[in-house]
Amino acid sequence: MNFELSEDQVMLQESVNRFVQNNYSFEQRRKIVGADQGYSDAHWAQFAELGWLGMAFPEAAGGYGGTPVETMIVMEEFGKGLVAEPFVSTVVLAGGALVHGGSDAQQQALVPQIAEGKLKMALAFAERQSRYNLADVATTAKKSGGDYVLSGAKSVVFGAPSADTFIVSARTAGGQRDTAGVTLFLVDANAPGVAVRGYPTVDGMRAGEVTLTDVKVAGDAVVGAVDGGFDVLDATIDGAIAATAAEAVGAMSTLNDMTLEYIKTREQFGQPIGKFQVLQHRMVDMFIAHEEAKSMAMMAAMRIDDADASERRKAASATKVQIAKSARFVGQQAIQLHGGIGMTDEYAAGHYFKRLTMIDRSFGDGDFHLARFGALS
Amino acid sequence: MDMNFTADELAFQKKVADFVEANLPPDIRTKVDRGIELTRDDFARWMRILSTQNLAAVNWDKKDGGPGLSIAQKFLAEEAIFLGGAPRMVHFGTRMVGPVLLAFGTPEQKARYLPKIIASEEIWCQGYSEPQAGSDLAQLQCSAKLDGDHYVVNGVKIWTSYAHCADRMFTLVRTSKEPKKQDGITCLLIDLKAPGVEIRPIITLDGKHHFNQEFLTDVRVPVADRVGEEGEGWKIAKFLLGHERSNASYVSINKRNLKKLKDIAADQRVDGARLADEPAFRAKLSELEIDLQAAATMAMRQLASAAADKPVGQEASILKIRVMDALKRGHELMMEAGAYYAQPFEQAQIRGESNASQIGPDYLYRMTPDYFESRAMSIAGGSHEIQKDILAKRALGL
């Protein structure tokens with residue numbers, strides 16, 4: 001048993017940490033997320049140069065053969081600075097779908113472009129009625145000769161405004177919530193019939209509503225098997241749960257540091273408020289919540305590639321439940337301990353709280369995964 | 001024992017409800033429903049409409065120009081106003097300045113200020129907190145030095161709700177440095193248009209402008225606008241805390257939110273079924289409703305004690321903790337109900353500066369900002385930790 005990072009992994013961690021230190025002060029982040037695009041092209045180019053965009057892909061596909069542990073390392077450091085570049089949407093979500101379902105030809109065509117920073121992608125899986133159920137797909141793909149014609153609307157697609165290419169879940173067979181009959185398609189963002197309404201999310205990131213009106217795609221745009229997209233999607237989202245769990249751990253660590261510093265220095269009633277036992281115990285509970293979350297994020301990183309899908313799903317759901325609990329407690333209490341200043345937009349704590357709250361609203365909340373875990377046990 | 005309002009009391013409530021239904025301007029109703037920031041004009045318009053029926057100073061006695069309602073009627077009137085979809089009033093005039101002037105004011109102050117409060121012609125805010133004086137309010141440093149028939153005020157106030165909508169600020173200042181810091185505090189009525197007053201907005205996590213910071217530089221305040229004697233500010237503030245901590249009206253806000261939450265849970269679908277029927281969500285919803293029932297019953301017990309002129313005592317702190325917890329929980333569940341649609345957020349929309357259509361179901365758009373805003377409920381007006389200190393000390397003798 002070994003929970004230590006390898007030498008290369010430590011170097012990766014230091015390198016991402018340095019990037020965040022140099023580029024993601026709160027003021028720097030405010031500028032980035034406040035601008036129209038919501039992220040920096042220069043940062044994206046830097047990610048490519050440092051090898052972070054190709055890291056998670058197999059070498060055969062043009063990636064650098066990293067494991068989910070490398071993704072965890074990057075995401076945890078990103079979480080510490082609330083990095084806003086569309087890494088999750090391109091590398092973890094769309095990239096994950098390519099890894100789990102893409103043909104050799106698709107991988108070889110797209111992965112090198114992602115790795116070089118030339119291609120941004122997004123995974124359009126949620127719909128207005130679907131909540132967190134990946135099989136609840138009303139968007140249709142109808143066969144037309146060798147092609148498919150897609151129609152429907154996809155909701156809150158992370159990274160949609162910057163995506164060059166989407167991977168879209170659509171129904172090719174079965175009833176609206178059947179797992180069988182979901183198929184994934186590569187869709188060019190500029191294809192006729194594709195409309196994107198982009199917007200910021202609460203945490204300063206970007207997402208969009210994607211409408212598909214009779215969008216024609218070729219037969220070779222199918223990712224994975226026809227009617228067999230659900231398993232690819234399911235594995236991909238489990239990967240995203242592991243990645244954003246690590247991001248949440250990083251965000252909690254910064255938020256705890258910030259709160260600890262505040263209660264040590266803020267004086268009321270003639271002493272630092274951190275001298276009051278009720279706040280000491282609260283802070284200890286926040287510290288414990290972070291440690292639990294970190295343990296589960298590490299567990300997820302090591303189990304998320306498990307060949308046994310049921311083990312993988314249980315690991316993902318267990319992690320998500322823990323993250324939901326820890327992130328909620330740390331986020332809410334960080335604001336409470338800060339008092340008024342924690343409520344303000346111009347202070348960093350609230351922005352960590354927001355990102356943590358939105359991670360809980362993504363890929364299934366605590367209740368959803370508690371039920372999923374129960375059904376798998 | 002009987003926990004029902006009388007038929008007369010309920011008929012009175014119905015009258016108020018009908019008035020709200022007929023007179024709440026549709027644009028204000030829409031803003032409240034959608035969680036869009038209200039302007040000074042919105043508040044002023046609505047408060048003046050209430051004043052036409054003498055329902056702004058709902059808590060005032062007849063002899064003071066108020067409607068002279070019973071304690072039950074006050075509660076029911078406010079409930080009818082909230083349940084009717086009206087905004088909360090900027091109520092520092094009616095809730096704080098009025099009662100203080102009635103108890104401590106000079107005849108001139110009463111004549112000058114009270115009629116405009118009753119008529120909602122002047123809006124007030126409360127200048128208590130300072131950057132270094134939050135929970136420990138007695139620590140306040142904003143100084144007022146006597147210069148002829150004026151005080152010259154210098155200092156900074158913060159977390160002032162709706163100062164940007166107000167004409168005047170009820171302010172605690174320090175007039176002397178006594179060994180016991182509570183002793184040197186004095187209460188002044190400050191004209192916010194006076195030279196030297198600078199109001200800066202504080203934008204909160206919901207993207208809205210509720211709070212402000214005031215920088216007071218050589219602001220000249222007539223001695224005639226001092227309430228009580230020099231050094232009586234703390235006594236006056238304590239007198240007011242009794243008023244501020246009557247949180248029964250939050251029961252009504254909670255009821256409005258619970259209804260909204262149930263509507264949302266009935267409309268949102270999980271695998272085609274109502275979210276309201278999904279076991280985990282339904283359990284949370286029921287738990288909240290029961291918590292609220294306990295809080296509401298506590299509030300009724302307090303109202304009954306107050307009506308019988310019995311001291312309300314420490315239950316006020318219990319009620320504050322529990323109604324605010326329920327409020328926070330309600331907003332959290334409304335946010336959770338949104339799932340992915342809890343995420344879209346454009347500040348211009350929530351501030352009423354954009355006409356673009358909202359993303360997702362229109363009733364969900366405000367829920368996440370409201371959730372963030374609600375986190376202040378256990379901080380403002382004496383944090384939960386301070387309330388529990390009060391209970392530990394005064395109720396339990398610890």
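**Note on chains A and B**

1. In this predicted model, 30 residues of chain B are in contact with 34 residues of chain A. Contact means that the C-beta atoms of two residues, placed from the backbone, lie within 7 Å. On the side of chain B that touches chain A, strand E6 (197-203), strand E9 (269-270) and helix H9 (279-307) of chain B each give two or more residues. Helices (H or I, at least four residues) and strands (E, at least two) are DSSP runs, numbered from the N terminus. That side of chain B holds 16 nonpolar, seven polar and seven charged residues. Ala, Val, Leu, Ile, Met, Phe, Trp, Tyr, Cys and Pro count as nonpolar; Asp, Glu, Lys and Arg as charged; the others, Gly among them, as polar.

2. Chain B has domain 1 (7-89), domain 2 (124-231) and domain 3 (245-395). The bounds come from an automatic or database domain assignment. Over C-alpha atoms, the centres of domain 2 and domain 3 of chain B are 31 Å apart. Six residues of domain 2 of chain B are in contact with nine residues of domain 3 of chain B. The domain 2 side of this contact in chain B has one nonpolar, three polar and two charged residues.

3. Now helix H4 (residues 68-81) of chain A. Of its 14 residues, 13 are buried, so H4(A) is largely enclosed by the rest of the structure. Buried means 20 or more other C-beta atoms within 10 Å of the residue's own, with C-beta atoms placed from the backbone. Just after H4(A), A:Leu82 takes a positive phi of about 55°.

4. Residues are numbered from 1 along each chain as its sequence is written, and chains are lettered from A in the order in which they are written. Local features need pLDDT of at least 70, side-chain atom pairs count only at pLDDT 80 or more, and totals for chains, interfaces and linings use all residues.

Methods:
Buried ≥ 20, exposed ≤ 12 C-beta atoms within 10 Å, placed from the backbone.
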